[in-house]
Amino acid sequence: MLLGRLADVSRDVAATSARSRKIAMLAELFGDTRPEHVALVISYLAGRLPQGRIGIGWSALKEPPAPASTPTLTVSATDAALTRLAELQGPGSQTGRRRLVQELMAAATAEEQQFLMRLLMGEVRQGALDAIALEAVARAAGAPAEDVRRAVMLDGSLPRVATALLADGPATLEQFRLRVGSPVLPMLAHTAKSVTEAVRTLDAPCVVEEKLDGIRVQVHRRGDEIRIFTRSLDDITDRLPEVTAAAGRMTGDRFILDGEVIALDDTGRPVTFQEIASRVGSRVDVDAARATLPLSPVFFDVLAADGEDTLDRSGAERHAVLARLVPKPMRVRRTVVTDPQDAEQIAAAEEFFAETLRRGHEGVLVKALDAPYVAGRRGRSWLKVKPVHTLDLVVLAVEWGHGRRTGLLSNLHLGARAADGTFVMLGKTFKGLTDEMLRWQTERLRELAVDDDGFTVNVRPELVVEIAYDGVQRSSRYPAGIALRFARVLRHRPDKSAQEADTIEQVLETRT
């Protein structure tokens with residue numbers, strides 16, 4: 001398949017808001033794709049490189065060669081070129097990467113060059129692409145979407161399922177089953193503004209559980225073999241001997257548990273996510289890291305027990321199984337609301353939330369007790385509640401948008417006031433912006449622009465925006481050594497001057 005065909009579809013999918021039209025376009029594309037290439041096509045459409053990070057930045061892309069006049073570059077040739085890029089290591093590798101990038105770009109048409117730039121910079125954004133691509137694969141193969149969704153849920157990889165399905169037909173979906181030792185994507189939660197709202201939204205008996213700010217883990221045990229996986233399905237067994245030992249002490253021998261790995265300080269309060277991530281990410285001297293920061297697993301769900309799938313059982317039934325397998329100190333704290341209309345029970349749930357925050361955790365999850373475990377999806381039966389922080393920050397620069405945001409200034413660079421009157425960058429966000437907000441900020445920031453390299457527009461620091469965020473984390477990327485977590489725009493504040501924006505000291509007060 002020519003890369004130009006994929007680039008055209010990517011552009012058209014991004015430009016339409018109609019879900020049915022997106023699915024139709026992707027189904028036609030997948031139907032025309034050779035099965036051995038469909039995994040690569042899906043990855044590119046989702047903005048993912050199979051090679052992972054390959055060390056290419058904007059400096060290597062900002063001056064592309066003259067584009068090819070006719071399309072000849074294929075998807076497989078692109079993948080081969082990117083593989084060669086990823087394999088370059090050692091002295092001279094940077095020069096070699098630039099040369100290979102120039103060769104790849106020279107083989108691409110203007111439209112293909114634009115797509116490659118977005119792909120390499122992580123700027124391919126088409127909205128809920130994985131969910132839409134799943135339905136498109138099902139349509140192209142003539143398979144029920146629900147059967148495909150369950151296969152992906154159990155296998156953890158849409159590209160892998162799509163490859164088998166388009167090669168061998170719907171009957172092949174039977175091979176995708178839950179197996180101890182093979183990780184599946186975890187169930188995720190939607191958000192609610194308060195515990196009361198969450199309980200009343202579910203409108204059924206539910207449980208309120210502590211939401212821990214650790215590393216999500218899935219622990220598989222089959223006899224003496226224990227494997228530990230992250231939410232992205234990476235195997236980190238060798239980095240978590242404490243979790244392996246804990247699973248080995250449990251009574252069952254064929255199970256899959258869902259939980260978090262956390263650490264507590266000397267006062268019993270949780271340490272920051274960044275410290276835990278640093279410990280889990282360490283690949284050397286695990287024993288020394290363990291001595292410095294011992295980790296503890298806390299489990300809240302079970303996907304299989306005694307070798308049998310428990311996904312379709314209710315939350316109440318799964319917790320009974322969990323309680324049989326896992327000692328109470330390793331189970332998440334919880335309180336049950338049997339009547340969602342009972343004011344006293346809701347008040348008790350709100351107090352549980354407040355106490356969870358006092359203990360240093362990030363919030364709660366409210367889960368319907370009658371709901372199954374829907375792996376790999378953001379289920380409506382799980383609702384997370386966290387306190388929302390807001391700041392008034394100044395726009396320091398902004399990036400041109402892509403897809404539906406082409407021609408609009410989208411991704412905002414945000415800064416807080418420093419003591420010397422300058423501004424300290426804390427991160428970027430394009431989230432929360434409506435079409436009307438995008439149009440308004442494009443017009444306003446053009447007025448404030450001081451230079452434009454075609455990718456980023458630097459502006460005079462005058463526009464203030466109100467930002468919601470979940471917390472502050474350490475980051476070596478920005479000068480203050482911190483960054484905002486999950487920042488999103490609430491509104492523009494043209495009524496405020498830059499000197500009324502929040503200071504870096506005020507931001508540091510919210511560090512978690």
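In what sense do strand β2 and strand β9 pair, and over how many bridges? Here are some notes on this predicted model, starting with that pairing.

1. **The β2–β9 pair.** Strand β2 (residues 206–211) runs antiparallel to strand β9 (residues 363–368), and six bridges join them. At one point of this pairing, Lys-211 stands opposite Gly-363 of β9.

2. **The sheet around it.** These two strands belong to an open sheet of five, ordered β1-β10-β9-β2-β8, with mixed pairing. The edges are taken by β1 (188–191) and β8 (334–337); each has a single partner strand, so one side of each has no neighbour in the sheet. On average, and ignoring direction, neighbouring strands here are turned by 35° against each other. Helix α10 (residues 195–202) packs on this sheet and touches β2, β8, β9 and β10 (378–385). The direction of α10 makes about 160° with that of β10.

3. **Helix α4, a quick check on geometry.** Helix α4 covers residues 75–87, and at 1.5 Å a residue its 13 residues should span 18 Å. The C-alpha atoms at its ends are 19 Å apart, which agrees.

4. **Which side of α4 is buried?** The buried residues of α4 are Val-75, Thr-78, Ala-81, Leu-82 and Leu-85. Because they cover an arc of only 125° around the axis, they sit on the same side of α4. The partners that the buried residues of α4 pack against are α1 (3–15), α3 (35–45), α5 (93–106) and α6 (110–120).

5. **A buried aspartate.** Asp-301 is part of strand β6 (residues 296–305) and, with a relative accessibility of 4%, counts as buried. Its side chain makes a polar contact of 2.7 Å with that of Arg-318. Beyond its neighbours within four places in sequence, the contacts of Asp-301 include Ile-256, Asp-258, Leu-322, Tyr-373 and Trp-382.

6. **Two positive phi values.** Leu-233 has a phi near 75° and is located in the loop between β4 (225–230) and α11 (241–248). For Phe-486 the phi is near 55°, and this residue is in the loop between β18 (482–485) and β19 (488–492).

7. **Are these two buried or partly exposed?** Leu-233 is buried, at 18% relative accessible area, under the cut-off of 20%. Phe-486, at 48% relative accessibility, counts as partly exposed.

Terms used
Residues are numbered from 1 along each chain as its sequence is written. This is a predicted model: local features need pLDDT of at least 70, side-chain atom pairs count only at pLDDT 80 or more; totals for chains, interfaces and linings use all residues. Side-chain values use heavy atoms; hydrogens and water are left out. Helices (H or I, at least four residues) and strands (E, at least two) are DSSP runs, numbered from the N terminus. The expected span of a helix is 1.5 Å times one less than its number of residues. Buried means under 20% relative accessible area, exposed over 50%, partly exposed in between (1.4 Å probe, protein chains only). The arc is that of the directions from the helix axis to the C-beta atoms. Contact means heavy atoms within 4.5 Å. A polar contact is a pair of N or O atoms within 3.5 Å; within protein, one must be able to donate a hydrogen and the other to accept it, and residues adjacent in sequence count only if both atoms are side-chain atoms. Two strands pair if DSSP finds at least two bridges between them. Axes are lines fitted to C-alpha atoms, for helices over the stretch in contact, and angles run from 0 to 180 degrees between N-to-C directions.
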